[in-house]
Amino acid sequence: LIEFLKDKYAGNHLLVGRDKLDHVKGVRQKLLGYECFLNDNPEFASKTVLIQIALTTAEHNELQVQVMDVVNRINSNFGTIEHQPVVFFHKDIPYSHYLALLSTADAMMITSLRDGMNLTSHEYVLCQREKHSPLILSEFVGTYGAFNGGALGVNPMDTRAIAQAIKDALLMSDEEKLDRWNLLHCQVLINCASSFVSSFVADIESAHAQANSKSPTA
């Protein structure tokens, strides 16, 4: 699958996103930022592809229409018979295909308006052991602070900042890519589920000991 994707998108910069299609995941903001990037950098229009996987949710609202309006506008303004700037999947894909996409990507984009740990970013870092491609990450994702400057942080409401982050990611030197990936990889290994549980249990034991030490003696 990885070799297939390399051949299919040879000569293109490949951006990847995978999010639930709801308001807090920032899919529309991501697409608007990508559109701004293409408007500001038309030389990239024929050689950049964003593959966006939008997972179906139980929430039915106008968001899907708004998102597809942006997708269609980008493909209409910048697409050709031979090239489609946005490949949009309104469904999940097999996990093996998803991992292949993460391994092949030239950048991953997570532009949530509000999010918790977001394990997608961790999966991406682990899949990038060979390429060391950059991670564009919303400053409002819970793991952003823990990544210690390894990710390209963006305010998802700032369309031009997303556009600039895309450009920075695609023009980044191999040396900076490796430095940033090493920071990300270190934090992914440290902040795993087992370390979280160990830290949580240790905090509970410490709080319990402090409470006992403050208890009045008989």
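The volume here is the space filled by probe spheres set on grid points, which are joined across faces, edges and corners. A pocket is an open set of points on a 1 Å grid over the protein atoms alone, where a 1.4 Å probe fits, with protein on both sides within 12 Å along at least five of seven lines; lining residues have an atom within 4 Å of a point. Rolling a probe the size of a water molecule over the atoms shows where empty space is left.

Before going on, keep in mind that this is a predicted model, in which local features need pLDDT of at least 70 and side-chain atom pairs count only at pLDDT 80 or more, while totals for chains, interfaces and linings use all residues. Residues are numbered from 1 along each chain as its sequence is written, and side-chain values use heavy atoms, with hydrogens and water left out.

Who lines that second largest pocket? You can pick out Lys8, Tyr9, Asn12, Ser46, Val49, Glu82, His83, Gln84 and Val87. By class, that lining has 3 nonpolar, 4 polar and 2 charged residues. (Ala, Val, Leu, Ile, Met, Phe, Trp, Tyr, Cys and Pro count as nonpolar, Asp, Glu, Lys and Arg as charged, and the others, Gly among them, as polar.)

The largest pocket has about 250 Å³ of space. It is lined by 13 residues, and Phe4, Leu5, Phe89, His97 and Leu101 are the closest to its centre. The lining of this largest pocket has 11 nonpolar residues, along with 1 polar and 1 charged. At least two lining residues each come from α1 (2-8), β3 (86-89) and α4 (95-104). Those labels are DSSP runs numbered from the N terminus: helices are H or I with at least four residues, strands are E with at least two.

Now zoom out to the whole chain. It has 8 helices and 6 strands, and from the N terminus on they run α-β-α-β-α-β-α-β-α-β-β-α-α-α. Along the principal axes, the C-alpha atoms fill a box of roughly 85 × 40 × 30 Å. Of the 218 residues, 46% count as buried (under 20% relative accessible area; over 50% is exposed, in between is partly exposed; 1.4 Å probe, protein chains only). Among contacts with a separation of 6 or more, 76% link residues 24 or more positions apart; a contact means heavy atoms within 4.5 Å.

Next, look at Arg18, in strand β1. Is Arg18 buried or exposed? Arg18 counts as buried because its relative accessible area is 19%. Its side chain makes a polar contact of 3.0 Å with that of Asp92. A polar contact is a pair of N or O atoms within 3.5 Å; within protein, one must be able to donate a hydrogen and the other to accept it, and residues adjacent in sequence count only if both atoms are side-chain atoms. Leaving aside neighbours within four places in sequence, Arg18 is in contact with residues including Lys30, Gln52 and Met108.

Follow that last one to strand β4, where Met108 is found. Met108 is buried because its relative accessibility is 0%. The C-alpha atoms of Met108 and Leu135 are separated by 5.1 Å, although the two are 27 residues apart along the chain.

Asp115 sits in the loop between β4 and α5 (119-127). The Asp115 side chain makes a polar contact with the side chain of Lys25 (3.1 Å), and another of 3.1 Å joins it to the side chain of Ser112.

Further along, His132 lies in the loop between α5 and β5 (135-138). The phi of His132 is near 60 degrees, a positive value in a residue other than glycine. Most residues other than glycine have a negative phi. His132 counts as buried because its relative accessibility is 16%.
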